[in-house]
Amino acid sequence: MPAPRRLLLLASVSAAVTIPAAADAAVFCVEKPECPGLDMTLPSALAEAASTAADDRIELGPVTFPSASHVYDPQIDAGNVEIVGMGRTETILRNQNASEKPALQILDKVGGNKHRVASLGVQIGTSGVLDAYGLSAAGLVEDVAITNPLANNTLMLGLELLGGGELRNSTITLKNAGGDPEKFIAVFARGNKNLIDRATLDAGRGVVVEKDTRITRSTIRARGSFGVQVCKSLLRIDNTLVRFQGAVDGIQNRASCASGDVLSRTEARQVTLRGDGSAGSVGITCSAYDDEDPSQMLVRGTIIDGVDHDLGLYASDSATCTGDVGSSRLDLTSVVKEGTGTKTLTNAGGNTPVDPGFVNPGIGDFRLKAGSSMIDQGPAGPIDPAIESTVDLAGKPRNVNGKGVGTPRRDIGAYEWQPQGVGFSGGDDPDPEPKPPVDENPPATDQP
């Protein structure tokens, strides 16, 4: 695995993975007396699982493990492996201080087997001198909480998501003690076909996408840097809330990165992007700096709010940047275009610059209230679940006929307004499901 220091260069929904049990599957028990398997230390269990062809399950007890860098490194076709704890606050792994290695590293080297890490917490600590990692894995990571209990100012990465990796129902929170916010990254999606689903991410920079990635039904809070940075890759993002602070981009679609594929393309569907009003801030950008590396963006059913410029198109020399926007809350007069390259923006219609009508943006509630102009104004037609969720960020149905007339169609933004009897309405939710999380400490600049 490359050292996380390489991340400094970046500063310039399928079903859940299931692992079939083999007849000779083994269970290893680590600090868990009631576990019906072989008692082992965590390093021994990882080594044993990596050295046999059987499928393996490693069960971790309710323990905070000493700071260390644990590695699953198969040298043979080692079968599938599950590493399962007792819960996010019960089983805790901590990275090794003053090292650039994660607390847990799952290497996907032989056989393309299924990996699953679940129901545990990862705490990142650092001496303040070297870079710090939380977790590095392919396969499925679910019900995991990654945090840095003590804020610091060094380079920090919560999760390195490798090819085919999935992050589900998890949280990553990285606190910054005054360092460069670009160096505090919640997720770095490196390999192809990654998925981030129902995740809550809070860091200086939200997600760095280096290969094809989909983000769905997630909440991203970027405190001082990009919400999502796309590095010559395909990003599909839907039914997601992205909040960001400062003179930055909510989603930066960038074709000048040192790695990634040739084409950089962002497709945003049913997304709510909210800046803090800073001068120079942009909702979504596409940037191209080489004629061999074009940049594209497609925007549908998306709210862009609280920014200086809703869209940005940048192209230098003979490079090409193209955008296609429709059925969204954005102001086409606020678009900024720079550079001598080709910059083309297609208006597919249905866009509006009016106030979104959020329930209470001052406390982080970006649902739509009754009477919002976003209701029934999003894209029409059927939903393709391969690229867009059939439910919204709160788990409520999409394509609800909010006004009760005409053909049902999506609302604009990450949340679908629900008439009474279907879901919540105007902030009053008769359904017992939890409401969106309230920001208990919003910055003073993030008021409506």
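Trainee: Is C35 buried or exposed?
Mentor: C35 is buried, because its relative accessibility is 8% and the cut-off for buried is under 20%. Keep in mind that this is a predicted model.

Trainee: Which cysteine is C35 joined to?
Mentor: C35 forms a disulfide with C29. The S to S distance is 2.1 Å.

Trainee: Is the disulfide of C29 and C35 left-handed or right-handed?
Mentor: The torsion about its S-S bond is about -65°, so the disulfide of C29 and C35 is left-handed.

Trainee: How many disulfides does a search of the whole structure find?
Mentor: The search finds two. Besides the pair C29 and C35, a disulfide joins C286 to C321, with S to S at 1.5 Å.

Trainee: Left-handed or right-handed for C286 and C321?
Mentor: Right-handed, because the torsion about the S-S bond is about 85°.

Trainee: Where do C286 and C321 lie?
Mentor: C286 lies in strand β24, and C321 lies in strand β28, residues 320–326. The pair therefore ties together parts that are 35 residues apart in sequence.

Trainee: Are those two buried or exposed?
Mentor: C286 is buried, with a relative accessible area of 0%. C321 is buried too, with a relative accessible area of 0%.

Trainee: What is the pairing if I number the bonded cysteines in sequence order?
Mentor: The pairing is 1-2, 3-4.

Trainee: What about C231, buried or exposed?
Mentor: C231 is buried, at a relative accessible area of 1%.

Trainee: New topic. How many strands form the open sheet?
Mentor: Eleven. Their order is β4-β7-β9-β11-β14-β17-β20-β22-β24-β27-β29, and the pairing is parallel.

Trainee: Which strands stand at the edges?
Mentor: β4 (70–72) and β29 (336–338). Each has a single partner strand, so one side of each is left without a neighbour in the sheet.

Trainee: How are neighbouring strands turned against each other?
Mentor: By 15° on average, direction ignored.

Trainee: Which helix packs on this sheet?
Mentor: Helix α1, residues 42–51. Helix α1 touches β4 and β7 (104–106), and its direction makes about 10° with that of β4.

Trainee: Which residues of α1 are buried?
Mentor: L42, A45, L46, A49 and A50. They cover an arc of only 125° around the axis, which puts them on the same side of α1.

Trainee: What do the buried residues of α1 pack against?
Mentor: They pack against β1 (26–30), β3 (56–60), β4, β5 (81–84), β6 (92–94) and β7.

Trainee: Back to β24, where C286 sits. How many bridges are there between β22 and β24?
Mentor: Five, in the parallel sense. β22 covers residues 249–254, and β24 covers residues 282–288. R254 has S287 in β24 as its bridge partner.

Trainee: How many bridges link β23 and β25?
Mentor: Six, again in the parallel sense. β23 runs over residues 264–274, and β25 over residues 295–300. A268 stands opposite V299 in β25.

Trainee: What is the phi of R217?
Mentor: Positive, about 50°, although R217 is not a glycine. Most residues other than glycine have a negative phi.

Trainee: Where is R217, and is it buried or exposed?
Mentor: R217 is in the loop between β18 and β19 (219–222). R217 is buried, with a relative accessible area of 18%.

Trainee: And what is the phi of D376?
Mentor: D376 has a positive phi near 60°, and D376 is a residue other than glycine. Its place is in the segment after β32 (365–368). D376 is buried, with a relative accessible area of 8%.

Methods: Residues are numbered from 1 along each chain as its sequence is written. This is a predicted model: local features need pLDDT of at least 70, side-chain atom pairs count only at pLDDT 80 or more; totals for chains, interfaces and linings use all residues. Side-chain values use heavy atoms; hydrogens and water are left out. Two strands pair if DSSP finds at least two bridges between them. Helices (H or I, at least four residues) and strands (E, at least two) are DSSP runs, numbered from the N terminus. Axes are lines fitted to C-alpha atoms, for helices over the stretch in contact, and angles run from 0 to 180 degrees between N-to-C directions. Contact means heavy atoms within 4.5 Å. A disulfide is a pair of cysteine sulfur atoms within 2.5 Å. Buried means under 20% relative accessible area, exposed over 50%, partly exposed in between (1.4 Å probe, protein chains only). The arc is that of the directions from the helix axis to the C-beta atoms.
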